[in-house]
Amino acid sequence: MPTRLLRMLVLAVTICLFAPAVQSQNITLHFQPEFYGKNIALEQGPAGNNGDSLSIHTLRFYLSHFVFYKNGKEVWQEKDSYHLLDMEDKNTMAIVFKSGAADDFDQINFLIGTDSLTNVSGALGGDLDPTKGMYWAWNSGYINFKIEGFSENCPAPGNLFQFHIGGYLPPYQTAQAVVLPVSEKNMIRVDVELSRFFENIDWKDAHNVMSPGAEAARLAKTLPALFHIHAE
Amino acid sequence: MRNKLPIAIAFFCAVYCFCVAATSVFFPEPAPLEYPETWPFPAYDFSKNPLTKPGIALGRQLFYDPVLSKDSTISCSNCHLSYTAFTHVDHALSHGIHDRIGTRNSPALTNLAWARSFMWDGAVNHLDMQALAPISSPVEMEEKIENVVEKLRRSAGYRAMFFQAFGDSLATGERLLKALAQFELTLVSANSKYDRVLAGKEIFTDQEQNGYRLFKNNCARCHSEPFFTNYGFEKNGLPVDTALRDFGRMAITRQPADSLKFKVPTLRNIEFSYPYMHDGRFRKLGEVLNHYAHNKELGIELTSNEKVDLTAFLLTLTDRTFLFNPDFAFPR
């Protein structure tokens with residue numbers, strides 16, 4: 001009798017240990033920065049179609065509030081859903097949703113940036129820790145999207161451009177919703193087409209945005225168009 | 001033997017559970033904020049950062065430690081001295097790293113749990129995040145929070161204190177800021193003569209009583225009791241300093257209506273928090289009262305006798321138990 005009990009116990013423990021791993025597969029969202037459809041790396045000049053020699057040395061942004069849908073109905077949402085993507089750290093450019101996520105979905109929604117509640121909630125940890133270089137000390141709030149680099153068209157000293165886009169207070173909110181219809185289920189590649197961001201830049205007017213305001217809000221509105229599912 | 005095996009397994013399970021519990025359950029000694037019953041609930045959300053004895057002790061250690069600055073010369077206490085209501089006594093504008101001078105007068109740190117925004121222009125929206133501003137300012141500590149965290153991680157003393165406060169010896173930006181906030185939250189001033197009069201333990205002199213009446217008629221709209229600030233932003237009629245060109249709140253909201261609006265400072269311990277105003281332009285309380293005494297914009301009209309009585313009342317806001325509280329002083 002005790003042997004049988006023991007066997008059952010061992011079996012139960014085994015199931016408990018391994019069940020979550022086999023239940024469902026991971027969903028990986030891989031974000032690939034591009035310039036006119038070509039993959040780019042940091043500090044490597046993408047060949048702009050307009051002949052502009054432009055290179056990026058920093059690309060860092062928050063994606064948050066991932067929600068999965070099927071036929072317009074919410075099927076799963078990630079808890080404490082905040083991710084800092086940093087081109088300098090390849091691992092951060094892929095977001096892995098562990099088992100427990102929906103196994104059938106046809107649309108993923110998320111925010112570029114952080115919601116307003118996060119911006120007024122005091123010190124937070126993980127990707128939201130203020131040591132990540134994405135928090136404004138002298139005008140409280142997160143930088144939602146940071147892109148820096150060089151463009152020969154940029155009239156700033158050393159051709160350096162710096163766009164730090166953030167701000168949560170109306171009328172200059174900068175968090176932006178993205179809706180991605182998806183067909184792939186496990187490995188989803190999302191292109192981040194950065195050329196579209198620069199199409200909205202008039203170098204004479206703007207090459208430095210470092211605080212919340214009208215310009216940050218205007219540029220934020222152009223960000224959702226950067227994100228699209230990679231077409232084979 | 002066969003009978004003993006399940007018992008052995010059960011024993012190991014129990015030991016395992018105990019070990020898990022011992023490492024994951026962490027109970028630092030709580031130290032809830034004490035304040036008068038008649039006061040409103042604090043604005044600070046303690047559920048996200050409950051006050052604990054080791055948390056406050058760590059925050060106090062950090063508050064007095066110049067490790068927060070780039071060259072380890074400037075601590076919070078350089079500009080916020082406990083004996084002068086946590087202001088920079090005798091300095092109109094504070095000096096930070098390499099004796100660089102800032103643009104504003106160091107504010108008193110008092111009753112911060114009820115404040116909804118911080119700095120003279122409300123640039124900071126949460127007490128936790130306030131310390132980031134002086135740490136990063138090139139005229140104050142000129143340091144990056146990332147570097148501060150690295151320095152703390154190298155210190156065995158701090159590793160022990162972080163473990164006691166947060167159940168984990170690893171310093172992070174979040175924990176550093178929360179610990180500092182914990183100490184600052186304890187800076188409650190609620191035992192001035194004014195407080196004791198309200199509690200029925202003492203009585204005002206006739207002069208103080210008249211001053212209190214004048215205060216309620218002329219000052220209390222902005223310097224509201226019991227904190228002697230409405231924690232809002234107001235225009236007080238001071239002309240802009242042409243050298244500093246500081247337009248206050250407008251820099252944050254970008255609304256022209258907020259030009260020259262500054263945070264209403266508390267009047268608690270005003271006897272010790274000189275010099276006064278956002279740029280410290282008035283060295284004496286009398287100068288402040290002279291500024292307000294014939295102010296058509298604010299609708300204030302005070303005779304010289306009334307100014308004397310009002311001053312007598314303002315001096316009842318001095319809280320010696322706050323000023324000389326050993327728990328607030330340099331940790332020894």
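Predicted model: local features only at pLDDT ≥ 70, side-chain atom pairs only at ≥ 80, totals over all residues.
## Chains A and B: the interface and some local geometry

**Where chain A meets chain B**

- On the residue count, chain A brings 24 residues to the contact and chain B brings 29.
- If you want to know where chain A loses the most area to chain B, go to A:A123, A:T131 and A:W138, which together make up 29% of what that side buries.
- Polar contacts do turn up, with 11 residue pairs found across the interface, both partners at pLDDT 80 or more.
- Helix α1 of chain A (residues 2-23) gives the most to the side that touches chain B, putting in 4 residues.
- Sorted by class, that side of chain A has 12 nonpolar, 11 polar and 1 charged residues.

**Two crossing helices in chain B**

- Have a look at helix α6 (residues 145-153) and helix α8 (residues 173-185) of chain B: their axes come within 9 Å and cross at roughly 90°.
- Angles of 65 to 115 degrees count as roughly perpendicular, so α6(B) and α8(B) are roughly perpendicular to each other.
- From α6(B), the contact uses B:I145, B:V148, B:V149 and B:L152, while α8(B) supplies B:G173, B:L176 and B:L177.
- By class, that contact of α6(B) with α8(B) comes out at 6 nonpolar, 1 polar and no charged residues.

**Cis peptide bonds in chain B**

- B:E225 and B:P226 are joined by a cis peptide bond, with omega about 0°.
- You'll find B:P226 in the loop between α10 (206-218) and β1 (233-234) of chain B.
- Another cis peptide bond links B:Y274 to B:P275, and here omega is about -5°.
- B:P275 sits in the loop between β2 (262-263) and α12 (285-293) of chain B.

**A positive phi in chain A**

- A:D80 has a phi near 45°, which is a positive value in a residue other than glycine.
- To find A:D80, go to the loop between β4 (73-77) and β5 (82-86) of chain A.

Definitions and conventions
Residues numbered from 1 in each chain as written. Chains lettered and ligands numbered in written order. Heavy atoms only, no water. Axes fitted to C-alpha atoms, helices over the stretch in contact; angles between N-to-C directions. Parallel < 35°, antiparallel > 145°, perpendicular 65-115°, else oblique. Contact = heavy atoms within 4.5 Å. Nonpolar A, V, L, I, M, F, W, Y, C, P; charged D, E, K, R; others polar. Buried area = accessible area lost by both parts, 1.4 Å probe. Polar contact = N/O pair within 3.5 Å; in protein donor to acceptor, adjacent residues only side chain to side chain.
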